[in-house]
Amino acid sequence: MSAPSIPEPVASFIVAVNNHDEQAFLDAFTKSGAVDDWGRTFTGREQINAWSDREFIGSQGTLAVEEVDDKGAMVTVVGDWRSNHANGRSKFVFDIEGDKLAKMTIREG
């Protein structure tokens, strides 16, 4: 079974995350981009960076993609998340604006 096709900019974002590339991770978001991590929202580069240092890139997280649902401006990715902070099947919903991510919402997969 081949891996699901992941549209841009989500594909590059996941590569950045799995490579622990903090700069590419942050650059993937719009200026007013946001992360909603189980109801906790972090808006703008500074808040996203502080959250990521603790719980995402900084915790050496990797995502093994299992499912992709491409609705154009909204892409949902479900996969196995492994990090020093949290582990398990997770759902990531990306709201896309142009070639950037306007929002990433994380929930149980």
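Predicted model: local features only at pLDDT ≥ 70, side-chain atom pairs only at ≥ 80, totals over all residues.
If we leave aside the neighbours within four places in sequence, Arg82 is in contact with Gln60, Gly61, Thr62, Asn87 and Gly88. The side chain of Arg82 is also joined to the side chain of Asp80 by a polar contact of 3.0 Å. Ala64 sits 18 residues from Arg82 in sequence, and the C-alpha atoms of these two residues are 8.4 Å apart in space.

Now I would like to turn to the aromatic rings. The structure holds eleven aromatic pairs. One of them is formed by Phe13 and Phe94, an edge-to-face pair with 5.4 Å from centre to centre and 70° between the planes. This pair links distant parts of the chain, since Phe13 belongs to helix 1 (residues 10-18) and Phe94 to strand 5 (residues 88-97), 81 residues apart. Phe13 is buried, with a relative accessible area of 3%, and Phe94 is buried too, with a value of 1%.

Phe25 and Phe29 form another edge-to-face pair, at 5.6 Å centre to centre and with 80° between the planes. Here Phe25 is buried at a relative accessible area of 0%, while Phe29 is buried at 7%.

Which residues do ring pairs link into a cluster? They are Phe13, Phe25, Phe29, Phe42, Trp51, Phe56, Trp81, Phe92 and Phe94.

Notes. Residues numbered from 1 in each chain as written. Heavy atoms only, no water. Phe/Tyr/Trp six-rings, centres within 6.5 Å; stacked < 30°, edge-to-face > 60°. Helix = DSSP H or I, 4+ residues; strand = E, 2+ residues; numbered from the N terminus. Buried < 20%, exposed > 50% of the residue type's maximum accessible area, 1.4 Å probe, protein only. Contact = heavy atoms within 4.5 Å. Polar contact = N/O pair within 3.5 Å; in protein donor to acceptor, adjacent residues only side chain to side chain.
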